[in-house]
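Hi,

Here is the structure I promised to pass on.

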Amino acid sequence: MDEPRDDVDIWLSERVKPLLPHPGTFERIRRRARRRKLGQAAIAAGGAAVIVAAALTVPPFIDSQLGRGQTPIANSSTTATPEHTHSRSPSPPPSSSSPPSNVTPSGPPPVPPNFAVSSVTFVSLTEGWVLGQAGTPGQCGPPNAFICTSRAITFNGGTSWQGGHAPVAGLPKGASGVSQIRALDGRNAWAFGPQLYATHDTGYTWTPVNTNGMRVIDLETVHHRAFAVWARCTGTGADFAANCTGFSLYSTPAGRDQWAPVPGATNLTMSQAAGLAPVPASAQLALTNTVGYLLAPNGDVYSGPITTGGAWHLATAQGIPAGCLPGRAQRDGVPSRAMLATTGTGIVELCATTGTGGVQVKTLRYSADGGRTWQPAGTAPPAGIATSLSGTPDGRVLVATTTGIDVSANTAGSSPSGLSWITVTGASVPGGFSFVGMTSDTQGVAIPANKALHAVWFTYDGGKNWVESPVR
Amino acid sequence: MFRASDRVAAEELFNACYPRLAGWVRRLVDDDDTAHEIASEAFTRLLARWSSLDNPQSYLYMIATNLVRDHWRKVGRERRALRAVSATVPADGVHHPAQDVEVRALIQALPDRLRRPFLLHYYGGFPVKDVAVMLGRPEGTVKADLHHARARLRAVLGEADG
């Protein structure tokens, strides 16, 4: 199913660890470049004088050789006030509070004020990007003062943040805008939800991808590919992933924007009965290093290869538990009732149902055979409404809720009595969290539901303790 | 000489690209200082001809690739000179902290025709079509060069394992 990977493949796929510049490096480089440019101009001027002097004495045939297709040295070098000729697409400065152009900038670009994080992605333990809305509408940009979508970057695991270019797209509003971000590595990344933008140059430029009117509600990356769920939706305002009735899995090689439907996982719908029109639902992607999984709108789980655009197939061999359907989408596109996540040992599904007294019952099940068979994995703590599900490479499970973050003590599938849960500190945030994800067994990141907190939360000990990282 | 708007754009590019470029160079050279030197020199050359470039990032990596090659040659000359004057100095007197050393040495041994696309594609992460444009070669040629480079690495690594 997966291509064999030898030592050369493994070595080549190792990610580059960014090396931060020393303070003042840019100014030193700028001064050095300026000196060189002055020197080149002086040499060129001297050269031009020689040519002018020579033109008075050389025979005519040399003059004719210079006359066509060649430019006198003086003309090509005297570029005192050159026009900026970069072909990169326009993109806003990283911050609505960027210094005006007549002020000498120094240091990394600042994070724009009031950064409301809507999505986070990490490409290594140290380098991570967040996407969100920042600044004040009407004072953002250029190019558009009312587009305040912003990106911030950390190169030290959340200790500090700096601004970065973001797609020129507004906040989600029906079929337009972006709210989510996923990076494959430091070079290739995608912003989506509902529109799709791609960068292949570390986020310096972002290019819109034509999705033929479909909305991108989920996207994940692995190895050298990106996979995304495109859907036909009619949700309005911030609910871009609401009222979706037709779902298809698309894939592209990294570094190119060649999105194509994945055979076997297209036109997926949720129908209450055969012959009836599909009802609105949601879907979710989860990828491991070898296999991809898609939670379809009718609760089925599909799986397929992730190194190619090869066909996916229905993985579920046993019935879907009653009530375990993805249901409507949350604001970030994630299903509200059933959620899927991968661990290093298998896949986990959370089914949320309403119990007595309105308490949400979060039933978990686990599959160690790629979704073919499932075993009960107990229930998550009852407090709060589940918003996000994640797994660690060593097999533990995390659930973000509207009251905090629940972290399992044991690994899924390791005990017949199911998962048990540890006491978590630092995650009692009013409103809870809208997302939790683990970068490694020990390091993870969570987004608070209250965007006005202008921060994300990190754990560096496997989820036991969480600390706030203000994005500023 | 360098307008304010250009300066802001250049600094944005610097902030966006320097950490990754320096990290990229770091995998190819022996120490952080050399990596910073090469990355800084690449940016200096970029800024010195800022106005005439369509794809500054590609240009950066091309300069850095050439500077890394020059560094390898210089280090090779120094090592040979050192061995010539002192029999007591170990053959490899330079400390290599990274686990990349063995493969790096193999890349150094690749002919320039194979090494440049290899570094740009696998180390720089540029798609084949971009590498083809940067090197002025057809895509098919670049693909073939990458294939030959990998085959050579595999062959040498296989011999070493055996």
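In helix 5 of chain B, the buried residues are B:Leu114, B:Arg116, B:Pro117, B:Phe118, B:Leu119, B:Leu120, B:His121, B:Tyr122 and B:Tyr123. Buried here is a count: 20 or more other C-beta atoms within 10 Å of the residue's own, with 12 or fewer called exposed, anything in between partly exposed, and C-beta atoms placed from the backbone. That leaves the helix (residues 112-123) mostly covered, at nine buried out of twelve. After helix 5 comes B:Gly125, which has a positive phi, near 80°.

Before you go further, a caution: this is a predicted model, so local features need pLDDT of at least 70 and side-chain atom pairs count only at pLDDT 80 or more, while totals for chains, interfaces and linings use all residues. Residues are numbered from 1 along each chain as its sequence is written, and chains are lettered from A and ligands numbered from 1 in the order in which they are written.

Chain B as a whole has seven helices and zero strands. Helices (H or I, at least four residues) and strands (E, at least two) are DSSP runs, numbered from the N terminus. Of the 162 residues in chain B, 38% are buried. Among its contacts with a separation of 6 or more, 53% join residues 24 or more positions apart; a contact means C-beta atoms, placed from the backbone, within 7 Å.

Now the cores. A nonpolar core is a set of buried Ala, Val, Leu, Ile, Met, Phe, Trp, Tyr and Cys residues joined through C-beta atoms within 7 Å. The largest has 114 residues, and A:Leu294, A:Val348, A:Leu350, A:Ala446 and A:Val456 have the most contacts inside it. Strand 10 of chain A (residues 225-233) gives this core its largest share, seven residues. Leaving aside neighbours within four places in sequence, A:Leu350 touches A:Ala338, A:Met339, A:Lys362, A:Leu364, A:Ala380, A:Ala386, A:Leu389 and A:Val399 by the contact cut-off. Another core, of 46 residues, lies apart from the largest one and includes B:Ile107, B:Phe118, B:Leu119 and B:Ala149.

You'll find A:Arg337 in the loop between strand 16 (313-314) and strand 17 (338-342) of chain A. Beyond neighbours within four places in sequence, A:Arg337 is in contact with A:Leu325, A:Pro326, A:Gly327, A:Cys351 and A:Ala352.

Cheers

Conventions. Two residues are in contact if their C-beta atoms, placed from the backbone, lie within 7 Å.
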